[in-house]
Structure formats: structure tokens, C-alpha cells
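Please read them beside the structure.

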Amino acid sequence: MAKPFTQTSIEDICKQIHGSLGDSSLLVRVFVCQLTPHECQKTREKYMEMYGDDLFERFQNKIHGQTSRMYMILSLLMLNSHERDAIVAKNAIFKERNCVEYKTLVEIYAGRKSSHFFLIQQAYQSKFRRHLDQDIMSIETPHSYQKILMALAASQKAHSAEASVHIAKCDAQRLFQTGESRCVGFKIDEGIVLEILSKRSISQTKLTFSIYKHIYGHSYTKVLKNEYGGEFEDAMKVVVKFLNNPHKYHAKALEAIIKGRTKDDGNLERIIVSQIENDMNKIRKYYKNLYGMDLTNAILEYIPFGDFRDLLLTSI
């Protein structure tokens, strides 16, 4: 059984790390096998106190060549979750010109509790001297995702004790009446969708889409696939799929990345680290159900042998 994480053990771990910073296998063993994410962050604090050196910055500076991906994960583990989300959001907006990673922003805006989302905004402003929402609205060229993300930001301020089935039924009916109940050739009423997203909490919106499927026999995403749909509908499909089942959403995202069907620009590392703190077992379960292969076996088959693959296998 692992020893309790005490002040003495933090100091011992820091000494071990200090003498072996070039040993990538040891770093993986310590930060992924032995410590929880919270303990990783406490170790970073103690290491700074003992040696005046920030492990996050040190690992960031090692992101180059064949060890880039491993050190990316190690650097992300040094951050608390809201600080990490702030950095991820900044990278999603500004990493590449005219190539905003909107799906990453959707995961942050729709997948975090309101209390956590507020801390993300604070961390973003503190670290970058900028406002997250303003940076999103200032993105050129304008995109429907911007309106949806701002509606989700407003929804984070919608507090209620619990989701209401009555409200969800009313909202589902409004979505139906302003969509597929119309004649052939309808377009989604963006105003109604954005109003519902902005005025309801995330949990309330999830219930609305769940009840929509129960009442009308199919997911709201089916409505968004009609031939007259466009950019707004495509963006909403991503949001609805994530809200309906984030574990399934992540399982599909991992499959596409691991097998090279989508560009992986740090998304594999980001998803793995963010889900270490949640329930990776559920993602593995959905992965197995969807693809008939355990996520571990997929990594063994498609990720080249090395420290990065070992780190992934240990993380999941």
C-alpha cells in the first residue's frame, strides 16, 4: 500500500527529482504512477520552495524533439485544473492564426461546473491580463461557435438547485416547434437555441436534450443534420454530442487521434490529463463498446514504443 503523502515524502520526492531530471522514466514513474494530480501540484510548490525552480517551466522548456509529448503531459500535471484550462483555452484561441480549436473551447465551456468556470476566467485574466470571453468574441473571422460559446458562458451564471423536468419539456417542445415540426426545408431558429443555452444551467440544458430524445424518438443532433443546415448547425452538433455524453465524446476523440484520422496538436495529451482527474474508466468502457478493442491495446498498436507510450498506458 502506498504511504500517506506527507511533508517528509514531498521533500524526499523533490530530492529524487532534483537528482534525476534527465531520467524521463523516473519522472513518469513518480508523477504518473505514484502521485495524484493534486500531489503533483503540491510537489511543484515544494520543489520551487526548495530549489527556486518551477517544474512547470522546466518541463515546458523540454518540449522539443522526440520527448515533446511526454514533457507536455508532465508540464500539464504541474497545474491545478483551472490554471490548466486557462492555458489550454489561450492556446486554442491563439496557437495558430486562423485555426481556432473551437472543440477544445466547447469542452471547457460546456464541461466544467460553474464554480470551476469562474476560476478559469480568473486564472486567464491573472495569467494573461486578458478576458477570456472578450478574446473569443474578438476572433477573426467570425464563426457561429462564438455565439454558442457566449451563450454557454451566460449559462454558467444560471443557478438553480436542480434541473426541472417541466422546464426541460417546455424547452424541448420549443426546439421541436421551431425546427422539425415545420415543413420540409426548415432552418434551425438560432435565436431560440441560443436563448435556451444562455438562460439555462448546463445540467438543465443536458436534461432538455435528453427529454427531447425521449419525446421525439431521436437525438436533437438528427435535426441539425438536415440539408439546409450550415455552420451553426454543425457547431451545435458538437455541443449537443458533448453535452449528451462527454465520456462517449472523448472515447471517439481518442480513437480519431490515436489512429491518425484527425490532426493531433496536443489534444491527446490534453484529454488524457484532464480525464485523469475524472473517470477514465468510463471512457475506456465506451471505447471498448464502440470499437471492440480496449484503449490500452489501441495505444500499444498505434503509438510508437517509448516513454510517451509508457506514460499513456500508465495514465489510463
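1. Helix α12 holds the buried residues I192, V193, L194, I196 and L197. Buried here means under 20% relative accessible area, exposed means over 50%, and partly exposed lies in between (1.4 Å probe, protein chains only). Helices (H or I, at least four residues) and strands (E, at least two) are DSSP runs, numbered from the N terminus. The buried residues of α12 pack against α10, α11, α13 (202-216), α14 (220-223) and α15 (231-244), where contact means heavy atoms within 4.5 Å.

2. On the basis of these notes: the model is predicted, local features need pLDDT of at least 70, side-chain atom pairs count only at pLDDT 80 or more, and totals for chains, interfaces and linings use all residues. Residues are numbered from 1 along each chain as its sequence is written, and side-chain values use heavy atoms, with hydrogens and water left out.

3. At the start of α12, the backbone nitrogen of G191 has a side-chain oxygen of D189 within 3.1 Å. A polar contact is a pair of N or O atoms within 3.5 Å; within protein, one must be able to donate a hydrogen and the other to accept it, and residues adjacent in sequence count only if both atoms are side-chain atoms.

4. The axes of α11 and helix α12 (residues 190-199) are 9 Å apart, and the two pack at an angle of about 165 degrees. The pair is therefore roughly antiparallel. Axes are lines fitted to C-alpha atoms, for helices over the stretch in contact, and angles run from 0 to 180 degrees between N-to-C directions. Angles under 35 degrees count as roughly parallel, over 145 as roughly antiparallel, 65 to 115 as roughly perpendicular and the rest as oblique. D171, R174 and L175 of α11 meet I192, V193, E195 and I196 of α12. By class, these residues are four nonpolar, no polar and three charged. Ala, Val, Leu, Ile, Met, Phe, Trp, Tyr, Cys and Pro count as nonpolar, Asp, Glu, Lys and Arg as charged, and the others, Gly among them, as polar.

5. S164 sits in the loop between α10 (144-155) and α11 (165-177). With a relative accessible area of 22%, S164 is partly exposed. A polar atom of its side chain lies 3.3 Å from the backbone nitrogen of H166, and one lies 3.1 Å from the backbone nitrogen of I167. Beyond its neighbours within four places in sequence, S164 is in contact with Q204 and L207. From S164 to G19 the C-alpha to C-alpha separation is 56 Å, at 145 residues apart in sequence.

6. From α6, D85, V88, A89, A92 and I93 meet T104, L105 and I108 of α7. The contact of α6 with α7 has six nonpolar, one polar and one charged residues.

7. Leaving aside neighbours within four places in sequence, R270 is in contact with L76, V88, T104 and E107.

8. Q41, in helix α3 (residues 37-51), is buried at a relative accessible area of 11%. The Q41 side chain reaches the backbone oxygen of L79 at 2.8 Å.
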